[in-house]
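Here is a briefing on a structure with its sequence. Look it over first, then read the points below.

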Amino acid sequence: MVGIYPPSQVTDWLVPSRSLFLTIHVLGVACFLYIVAKRLVPLTRAERDPRFDRPLIRLGRVLKFWLGQWKHPRYKFAGTIHILVFAGFILLAARAFTVLIVGVSENFVMPGLSGRAGPIYDIVTDYAATIVFLCMVVAAIRRLVFKPARYAVPAKYGKSHTPDAVFLLGLIAILMVADSLFAASNAAGHAQRGQPVETLATLSLPWMLKIVIGSMPLATLWGLNVGAYLVHEVTFYFLLCYRPFGIQFHVETSLFSVYFSKLERGTLKPVRWGVRDEHLDQVKSFGVKTFEEFTWKHMLDFYSCADCGRCADNCPANAVGRPLSPRFITIKARDYAFQHYPVFGKANNGKPLVGNVYSEDEIWSCTTCGACEEECPLLVEYIDKIVDLRRGMIDDGNVPQSLQKPLKALESRGNPYGKMEKKRGDWAKSPEVQQSGKVKVLDGNNDADTLYFVDSITSYDDRMQSIGRATARILGSLGKNFGILGASEKDSGHEVRRFGEEMLFMALRNHNTEAIKASGVQRIVTADPHAYNALKHDYKDVPPVEHISEVLAREVRAGNVRFNRVEDEARVYAYHDPCYLGRHNQVYDDPRDVLDTIPGLKRVEMKRSRDRSFCCGGGGLMLFYEPKEEQRMGVVRVRMAAEAGANVIVTACPFCMVNIEDAIKVAGMEGKMSVMDLTEVVDQHMVRGVCDEKREELETATVGG
Amino acid sequence: MEILVCARRVPDTSENEIELNAAGNDIERDELVYSVNEPDNYAVEEALQIRDRVGGNVTVVTIGGEDDEEILRRELAMGANHAVLVSDDAFSGSDGRGIATILRDFVRKGHYGLILTGVQADDGAAQVGGMLAAMLDYPFASLVNSIAVEDGKLKVSREIEGGNREINEIDLPCVLSIQTGINEPRYVGMRGIRQVASVPIPTLGAAALGVNQSAVGEAAAKVRRVDYFVPALSKEAEMLHGSREENASKVLELVAAKGGLK
């Protein structure tokens, strides 16, 4: 033990305490393995989730999002701190491991670090430890003094997380100091005993500590050395075993969360993985009602959340005071999992999640805009979980009255308004549309190769019909041979599915799929991003689908479209990215490119644009839902446009149009702000006949050549 | 408690454009979509909630034809224990009294402690509940918007002027007509209906129920519909034909002009 031998007589001060160190090692590792095994129990009882495919793509994502910390710079300050700490941890891993082993095997050297790499590695890690230590100090000051709003815990969600966060920062800081003191005392001891002295990196924490303790008596140095070792070892194992009780568990789980993350945007998980549509009737219960009905990956997500608050910071529902914060969807599920599957003792009886862990309004409040998922550095999934919880509520008949009518109307009439099927195509009969050619109703006997899928709101809402008319006129002017399904089109079912009514969605999808196939078209165009996303990701076996902005951008680039100059010079346009065109399908540039081609069009960007676009309030059934909220998302969005200096908001989605138009009125900004659909802007400025001219030119050239 | 709910299939007013037929004696019934009469659906939900509190069974009955089976499936999917279709050519053309007579004979075949109807059918005249109670010599409470079960009796309330509530005690067995808003009916989706697709729904005719055929049907009806008409446009009525915005501002202007806005 310490003090039995004179310090000058032993080559390694740690040797006498080896058995103590070994005991701590064994206890620490055993504890950790026990806790992790307990944490894995619910995952073994969870629903299946096939995530073992495409290993190369998944490894690529690990390199990008885990090792490369891809999402972190989206929050510059916190992101930089995290990147530094993460890099520090990665660098220090071998050093920490070596230190731990040295306590029981004094001559241990990490393979690869025995030669000249060793001292270089030591220098690098001296700095790494110093940087991590400084980051802990800065992070603690940030938490305690500056208190960024996104870390606040609203009273309904319990106590502040700051004490725990600062405690963890403290533990890591102690680990860094202990590590540095261990290195410093070793070096100081070796110097005093005339042995080869390790080089400590100039101005690093060990270097400074060595200056402080350099002249202390050898016995004190020995004490410091063994003490530092012990503190390092105990703190290391304490952290290791404490992490699975809170946010720091992501240190262990994030690698797996990222590797197994969802690969396809815009899609939804099926009701049950591995159950074919036609066998769904045999599934006893739909969706997630109890914790075990989450998939194992979704449970892993709960463990991996680092409580950084970026999801909630970007969530439009949270921003307008709806009772939803994606952050607490995860935190509450994790707390429940810990209580439901305690570390000591058996799993206790589960409770239904909705009504106990979550409120109904919380689950209906989500617009599935995807802002949370876009932001999450750990790629935690939210939309699939929300939809699964809704599937469970639908299955139990637990649906707000405001949504029951439109759902019933969708079932009997194929649209949420309960309007007559035969009137679905009436908008196309107006003289304004007929100017650029009659819109064909495709019944299988036409020669049209392109289907314009209109969807319910554009078909029936008298304001949105203007988008339909503009789209038809554009397609006509571009010389497309297109038509609509008319009365045989039903709602795409995009929101029906996202509100959890899978069987109704399947009925709508099957009907439309048959109608589309019968029409004999080769491609589909739509001006509704929700229909676009449904046809692209939720439907199978239908021709390829494009949003009108993609078609337009291509035609503009090919020189097939010319625009008249914007006459009103006072107009300043801002493009609002619809969630299902932007975030879910990555169409950001096409609509902007089209707008920028219009001569004299002044365009500004809102602060929140592209993948950080702020949802207008949600589409489809969300228009019928009556959320509890302090203000409308649309109003917030309209103010953002005004702040950017715009007076015309251009969007490319009928639902954005409804919500923003209403919001302009609610905000009292009529006359100061207006909203237009991309198709309306294009239709207004398009020079007609360009296509015909080009065709004639081509024909003449061919004849002449 | 054995609870019977009398329900009816009606054209869904929120999903149809109701127009008169050419003869002017009925509405145009092509392309109509139907659903459970809304107050009847609330009555079924209330019955299910009472059953879940005190035990027993809920039976839903409707008088009609094969097409009317769809609402019975929907109510079975909601959670009703039994559903019965009462159907006979002899019943067609019955007036309210005829319908009440058929239901009376149906009730006598069972042992129901509580009978619920909707307060009124969308295309009806709110007659059947009261008449059924009288024919059975049961007490009757109408426009009920809450029910509490007590020993051998119920406490029911109805809304009176000014949003106030009147509470009444009523002995069992009894007949109640249920007002919408008494509860929040659960949602029934396609999946629920598919799950009860194979549950048999018995059909009972006049003979099985012992209905006196001379008391029901068109011949026995003492209330006969003679006409449907659209009120003629009076001189004071003004139709607005502008755009939505124009109409809205015109309405505002008119209301203000008539002193409706202070």
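Helices (H or I, at least four residues) and strands (E, at least two) are DSSP runs, numbered from the N terminus. In these terms, Gly210(B) is found in the loop between helix H6 (206-209) and helix H7 (217-220) of chain B. This is a predicted model: local features need pLDDT of at least 70, side-chain atom pairs count only at pLDDT 80 or more, and totals for chains, interfaces and linings use all residues. Residues are numbered from 1 along each chain as its sequence is written, while chains are lettered from A and ligands numbered from 1 in the order in which they are written.

**Chain A overall**

- Chain A has an average pLDDT of 93, and 96% of the residues score at least 70. (pLDDT is the predictor's confidence in each residue, from 0 to 100.)
- Residues 1-8 of chain A have a pLDDT below 50; beyond near neighbours in sequence, this stretch makes 16 contacts in the model. (Two residues are in contact if their C-beta atoms, placed from the backbone, lie within 7 Å.)
- Chain A contains 28 helices and 9 strands.
- Its C-alpha atoms fill a box of roughly 105 × 60 × 55 Å along the principal axes.
- Of the 705 residues in chain A, 47% are buried. (A residue is buried if 20 or more other C-beta atoms lie within 10 Å of its own, exposed if 12 or fewer, and partly exposed in between; C-beta atoms are placed from the backbone.)
- Take the contacts in chain A between residues at least 6 apart in sequence: 79% join residues at least 24 apart.

**A sheet in chain A**

- Four strands of chain A form an open sheet in the order E7-E6-E8-E9, with parallel pairing. (Two strands pair if DSSP finds at least two bridges between them.)
- Strand E7 (602-604) and strand E9 (674-677) of chain A stand at the edges. Each has a single partner strand, so one side of each is left without a neighbour in the sheet.
- Neighbouring strands of this sheet are turned by 35° against each other on average, direction ignored. (Axes are lines fitted to C-alpha atoms, for helices over the stretch in contact, and angles run from 0 to 180 degrees between N-to-C directions.)
- Strand E6 (residues 572-575) and strand E8 (residues 648-651) of chain A run parallel and are joined by 3 bridges. Ala574(A) has Ile649(A) as its bridge partner in E8(A).
- Helix H26 (residues 654-666) of chain A lies across E8 and E9 of chain A. H26(A) runs at about 170° to E9(A).

**Where the chains meet**

- Chain A brings 23 residues to the contact and chain B brings 16.
- On the side of chain A that touches chain B, helix H15 (383-395), helix H16 (401-413) and helix H21 (502-519) of chain A each supply at least two residues.
- H16(A) gives the most to this side, with 9 residues.
- By class, the side of chain A that touches chain B has 9 nonpolar, 6 polar and 8 charged residues. (Ala, Val, Leu, Ile, Met, Phe, Trp, Tyr, Cys and Pro count as nonpolar, Asp, Glu, Lys and Arg as charged, and the others, Gly among them, as polar.)

**Chain B overall**

- Chain B has 8 helices and 11 strands.
- The C-alpha trace of chain B spans about 60 × 45 × 40 Å along its principal axes.
- Chain B has 262 residues, of which 37% are buried.
- Residues 24 or more positions apart account for 71% of the contacts in chain B with a separation of 6 or more.

**Strand E1 of chain B**

- Strand E1 (residues 2-6) of chain B is mostly covered, with 4 of its 5 residues buried.
- E1(B) pairs in the parallel sense with strand E4 (residues 57-63) of chain B over 5 bridges. Here Glu2(B) has Asn57(B) as its bridge partner.
- E1(B) also pairs in the parallel sense with strand E6 (residues 114-118) of chain B, over 4 bridges. Ile3(B) is bridged to Leu114(B) in E6(B).

- Helix H1 (residues 38-54) of chain B has 17 residues and reaches 25 Å from its first C-alpha to its last. That is close to the 24 Å expected at 1.5 Å a residue. (The expected span is 1.5 Å times one less than the number of residues.)
- In H1(B), 12 of the 17 residues are buried, so this helix is largely enclosed by the rest of the structure. Among them are Tyr42(B), Val44(B), Leu48(B) and Ile50(B).
- Gly55(B) follows H1(B) and has a positive phi, near 90°.
- Gly210(B) is exposed, with 10 other C-beta atoms within 10 Å.
- The C-alpha atoms of Gly210(B) and Asn145(B) are separated by 34 Å, and these residues are 65 apart along the chain.
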